[in-house]
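The sequence and the structure come before the discussion.

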Amino acid sequence: MSNTDTPLVLVVGATGHTGGSIVKGLLASGKFRVAALVRPASQSKPVTEELRASGVEIRLGDLKDGIPKLKEALAGVDIVISSVLAWILEDQKDLFRAAKEVGVKRVVPCDFATPGKPGVRDLHDTKLDIRAFVEEIGVPHTVIDIGWWMQLILPLPTRSQAPEPIKAMTYTVHAGGKQKVLVTDLRHVGDFVARIIADPRTVNKAVMVWEDELTELEIHELGERVSGEADVLKSKRIYVSEEDIIKGAADAKAALAKDPANPFAIARKIWTEYEHSMFVLGENSLESAKALGYLDARELYPDFPKHPLSEFAEEFYRQDEPASHWLRGF
């Protein structure tokens, strides 16, 4: 197969955590040429230079450029994968309009989170609206969700230099910790994506990527045991009731309504809605995902190496700063 016969994948958001994992997975598969859409202001940043050095073609552009310029950026592209920031999700629409016009064979809108029904999380509702838009314009697509990152699910050790509010989040047990939680190592997201977008079975389907599923209480018990601080971390548990979670989500929504531009209010609202979805409604579970019509990535690719949270935890607690992903932001 010549180089031009190899499918070209354009990743939007390649400089972020998820986008970076996707790029690495695509390159490692050896089955794709990879390009990244980068804003002109970011073309000389170190992260962009790293992409270029790894063999990624850098294409300059912005989701707000308009359809004609986006069509130019999409020249020769077979697959578009979007991994953009939460506050520009709506800006994907012109990208997908342009993709439709130039004949892109598949688009992957920005999901890469937890599954769920409409009406629970405003952020998820926006993603569902984008999915509906993609279906409406008739461009072939695949939705990929990945559950919660392993990097953010375990209780932090006391030696971590993370701010106390972040530590408290990791020590919290919600509604008895009874709900099951799907988790994936962020570093492996791209490996799954490479398999999924090469698979004709996943066209116009939603796929649930996951590497382990445990109850929240089991996750705490695992972390406490592997950390070597079992008694100390257990004593730091913060128990939050179902009623408290529901009230917290309502209070966060009301606070944001009073001050819509407040970034702390925005972050609080997003988090409390995730708490309600995952730990009260149990939406981030395999049972929930299948009920919503997702294909199971573990069933599609049974040969994919297993990577339980217990294995990740051993590595996590050996790090100098296990809170690195919390501190760098999502």
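The largest cavity has a volume of about 120 Å³, where a cavity is a set of points, on a 1 Å grid over the protein atoms alone, at which a 1.4 Å probe fits but cannot get out, and where a volume is the space filled by probe spheres set on the points, the grid points being joined across faces, edges and corners. The model is a predicted one, in which local features need pLDDT of at least 70 and side-chain atom pairs count only at pLDDT 80 or more, while totals for chains, interfaces and linings use all residues. Residues are numbered from 1 along each chain as its sequence is written, and side-chain values use heavy atoms, with hydrogens and water left out.

With a threshold of 30 Å³ or more, the count comes to 1 cavity. The largest cavity is lined by 14 residues, of which Leu152, Ile153, Met169, Glu216 and Phe279 lie nearest its centre; lining residues are those with an atom within 4 Å of a point. Two or more residues of this lining come from each of α6 (164–171), β8 (172–174), α8 (216–227) and α11 (263–280), the elements being DSSP runs numbered from the N terminus, with helices (H or I) of at least four residues and strands (E) of at least two. The lining divides into 9 nonpolar, 4 polar and 1 charged residues, on a scheme in which Ala, Val, Leu, Ile, Met, Phe, Trp, Tyr, Cys and Pro count as nonpolar, Asp, Glu, Lys and Arg as charged, and the others, Gly among them, as polar.

The second largest pocket holds about 440 Å³ of space, a pocket being an open set of points with protein on both sides within 12 Å along at least five of seven lines. Of the 20 residues that line this pocket, Gly16, His17, Gly20, Ser21 and Lys24 are the closest to its centre. Elements giving two or more residues to the pocket lining are α1 (17–29), α2 (46–53) and α15 (324–328), and the largest share, 7 residues, comes from α1. The residues of the pocket lining divide into 6 nonpolar, 9 polar and 5 charged.

As for the chain as a whole, 15 helices and 13 strands are assigned. Its radius of gyration, taken over C-alpha atoms, is 20 Å, close to the 20 Å that the globule rule gives for 330 residues, so the chain is as compact as a globular protein of that length; the rule itself is 2.2 Å times the number of residues to the power 0.38. Along its principal axes the C-alpha trace spans about 60 × 45 × 40 Å. Among contacts (heavy atoms within 4.5 Å) between residues at least 6 apart in sequence, 77% join residues at least 24 apart.

Buried residues make up 54% of the 330 residues, where buried means under 20% relative accessible area, exposed over 50% and partly exposed in between, with a 1.4 Å probe and protein chains only. Helix α7 (residues 189–197) is mostly covered, with 7 of its 9 residues buried, among them Phe192 and Ile196.

| Residue | Relative accessible area | Class |
|---|---|---|
| Glutamate 224 | 5% | buried |
| Glycine 61 | 7% | buried |
| Phenylalanine 112 | 8% | buried |
| Alanine 175 | 11% | buried |
| Isoleucine 238 | 35% | partly exposed |

Glutamate 224 is found in helix α8 and, not counting residues up to four places away in sequence, touches Pro155, Glu229, Ala230, Leu233, Lys234 and Arg237. Glycine 61 is placed in the loop between β3 (57–60) and α3 (67–73); glycine 61 and arginine 39 are 22 residues apart in sequence and 5.0 Å apart in space, C-alpha to C-alpha. Isoleucine 238, in strand β12 (residues 238–240), is in contact with Ala168, Tyr171, Thr172 and Val173, leaving aside its neighbours within four places in sequence.

Most residues other than glycine have a negative phi. Phenylalanine 112, in the loop between β5 (106–108) and α5 (122–137), has a positive phi near 50°, and alanine 175, in the loop between β8 and β9 (180–184), also has a positive phi near 50°.
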